[in-house]
Amino acid sequence: MKIEINNLQLIDDIVEKADLRLKYNKPSAVNRLKGCLKHMISKRIQWKMASEEPLKFELMVKPFEENNRRLWFLSINFLQLRHQSLNLLSSIL
């Protein structure tokens, strides 16, 4: 059973909802949701439940830029433990 949908309306809805979710979630969380939707659309095409028109979705909906960097402050204890573990590892190998 093929289900045809208005692709442009679907893309507009997804972009609108993603922008709304961005107010409450980090960009990486919204990108995971978009990735899941892209996968669902590609599976529909693979299982021949939709035409290949939704492939435009992958080109039109771009992921948000993510900043996954973290600032670390290392304590003296952490550095000593790391040094001990590296010494132990080198003695084993």
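Predicted model: local features only at pLDDT ≥ 70, side-chain atom pairs only at ≥ 80, totals over all residues.
**Exercise 1. The overall plan**

Task: Work out how many helices and strands the chain has, and in what order the elements run.

Solution. Count the elements: there are four helices and zero strands. Then read from the N terminus, which gives α-α-α-α. Now turn to burial: 14% of the 93 residues count as buried. For the surface, the accessible area of the chain is about 8,200 Å², and carbon and sulfur atoms hold 60% of that area.

**Exercise 2. One side of a helix**

Task: Find which residues of α2 are buried and where around the axis they lie.

Solution. First list the buried residues of α2, which are V30, N31, K34, I41 and I45. Around the axis they cover an arc of only 100°, so they lie on the same side of α2. Now describe the helix itself: α2 has 20 residues and reaches 28 Å from first C-alpha to last, close to the 28 Å expected at 1.5 Å a residue. Just after α2 comes K48, with a positive phi of about 60°.

Zoom in on one member of the buried group. N31 belongs to helix α2 (residues 27–46). Its relative accessible area is 7%, and the limit for buried is under 20%, so N31 is buried. Leaving out residues up to four places away in sequence, N31 touches P63, F64 and E66.

**Exercise 3. A charged pair**

Task: Identify which residue forms a salt bridge with E66, and say which parts of the chain the pair links.

Solution. The structure holds one salt bridge. The partner of E66 is R32, and the closest N and O atoms are 3.1 Å apart. This pair links distant parts of the chain, with E66 in the loop between α3 and α4 and R32 in helix α2, 34 residues apart. Why can such a pair form? Side chains of opposite charge can pair when their charged atoms come close.

With a relative accessibility of 59%, N68 counts as exposed. From N68 to P27 the C-alpha distance is 9.8 Å, while the two are 41 residues apart in sequence.

**Exercise 4. A nonpolar patch**

Task: Name which residues make the nonpolar surface patch of about 460 Å², then describe the exposure of F78.

Solution. The patch is made by W72, L74, F78 and L79. Pick F78 and locate it: F78 is in helix α4 (residues 76–92). The relative accessibility of F78 is 40%, so F78 counts as partly exposed.

Definitions and conventions. Residues numbered from 1 in each chain as written. Heavy atoms only, no water. Helix = DSSP H or I, 4+ residues; strand = E, 2+ residues; numbered from the N terminus. Buried < 20%, exposed > 50% of the residue type's maximum accessible area, 1.4 Å probe, protein only. Areas by Shrake-Rupley, 256 points an atom, 1.4 Å probe, with all protein chains shown as cover. Patch = residues over 30% accessible without salt bridge, like charges linked within 9 Å, V, L, I, M, F, W, Y side chains within 5 Å. Salt bridge = Lys/Arg side-chain N within 4 Å of Asp/Glu carboxyl O. Contact = heavy atoms within 4.5 Å. Expected span 1.5 Å × (residues − 1). Arc of directions from axis to C-beta.
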